[in-house]
Amino acid sequence: MADDPLREAVLRRLALLDEAAGNADADTLLPLARSEITRLADGWRLLLTVHQQGADLRCQACPPGWGGFRGRRWPCQVWKMAHEHLIGEGVPHRERTKPLRNPFGKPGRVVPPESPAEVTTEIPVVR
């Protein structure tokens, strides 16, 4: 799993977005924000569509819990996390005291640079 190129590409992209959000000037951020906000909103919508409530009041996508039920009670953890990050008391980037950490990586690990094939919207280099 540590050498999964899809995973690495996603984590690289998130690291680049964090870097841009923390250090880029407003002229650089505005076009980037316009494209990325739309992409992120579309991604949340797709994820939440998959995690819809079924007729049995359970999430149609989450794995069964104890007792062998088809899914977790709805709202599932995905909907709860969406609420927390999009509406709730999540910490805005500008108030963080440290950069976001990679919850899947090893401590002190550097994320490799993005390859040209992975770039969908160019993120400017921030110095």
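Which side chains meet in a salt bridge at 3.0 Å, N to O, with Glu 36 as one of the partners? The other partner is Arg 39. A salt bridge here is a side-chain nitrogen of Lys or Arg within 4 Å of a carboxyl oxygen of Asp or Glu. Before going further, a word on the source: this is a predicted model, in which local features need pLDDT of at least 70 and side-chain atom pairs count only at pLDDT 80 or more, while totals for chains, interfaces and linings use all residues. Residues are numbered from 1 along each chain as its sequence is written, and side-chain values use heavy atoms, with hydrogens and water left out.

Now for the overall layout. The protein has three helices and zero strands, and reading along the sequence gives the pattern α-α-α. Helices (H or I, at least four residues) and strands (E, at least two) are DSSP runs, numbered from the N terminus. Of the 127 residues, 19% count as buried; buried means under 20% relative accessible area, exposed means over 50%, and partly exposed is in between (1.4 Å probe, protein chains only). The protein exposes about 10000 Å², and 61% of that comes from carbon and sulfur atoms. Accessible areas come from the Shrake-Rupley method with a 1.4 Å probe, and for residues only the protein chains shown count as cover. As for contacts (heavy atoms within 4.5 Å), take those between residues at least 6 apart in sequence: 53% of them join residues at least 24 apart.

Helix 1 covers residues 5-23. At the start of helix 1, a side-chain oxygen of Asp 4 comes to within 3.3 Å of the backbone nitrogen of Leu 6. That is a polar contact, meaning a pair of N or O atoms within 3.5 Å; within protein, one must be able to donate a hydrogen and the other to accept it, and residues adjacent in sequence count only if both atoms are side-chain atoms.

Leu 6 itself lies in helix 1 and is exposed, at 63% relative accessibility. Together with Val 10 and Leu 14, Leu 6 makes up a nonpolar patch on the surface, with about 290 Å² of accessible area in total. Patches are made of residues with over 30% relative accessible area and no salt bridge, with like charges joined within 9 Å and nonpolar side chains (Val, Leu, Ile, Met, Phe, Trp, Tyr) within 5 Å.

The buried residues of helix 1 include Ala 9, Leu 11, Leu 17 and Ala 20, but also the charged Arg 7, Glu 8, Arg 12 and Arg 13. Helix 2 is part of what covers these buried residues. Arg 7 and Glu 8 form a salt bridge, with their closest N and O atoms 3.3 Å apart. Glu 8 has a relative accessibility of 9%, and Arg 7 has a relative accessible area of 13%.

Back to the opening pair, and to salt bridges in general. Side chains of opposite charge can pair when their charged atoms come close. A search of the whole structure finds four salt bridges. Glu 36 and Arg 39 both sit in helix 2 (residues 26-50), three residues apart, about one turn of the helix. Glu 36 is buried at 6% relative accessibility, whereas Arg 39 is partly exposed at 38%. The two also belong to a network of salt bridges that takes in Arg 13. Elsewhere in helix 2, Arg 45 and Asp 42 are likewise three residues apart, about one turn of the helix, and their side chains meet in a salt bridge at 3.0 Å, N to O. Arg 45 is exposed, at 53%, while Asp 42 is partly exposed, at 44%.

The loop between helix 2 and helix 3 (77-86) holds Cys 62, which is buried with a relative accessible area of 11%. Cys 62 and Val 50 are twelve residues apart in sequence and 9.3 Å apart in space, C-alpha to C-alpha. Leu 57 lies in this loop too, and its phi is near 65 degrees, a positive value in a residue other than glycine.
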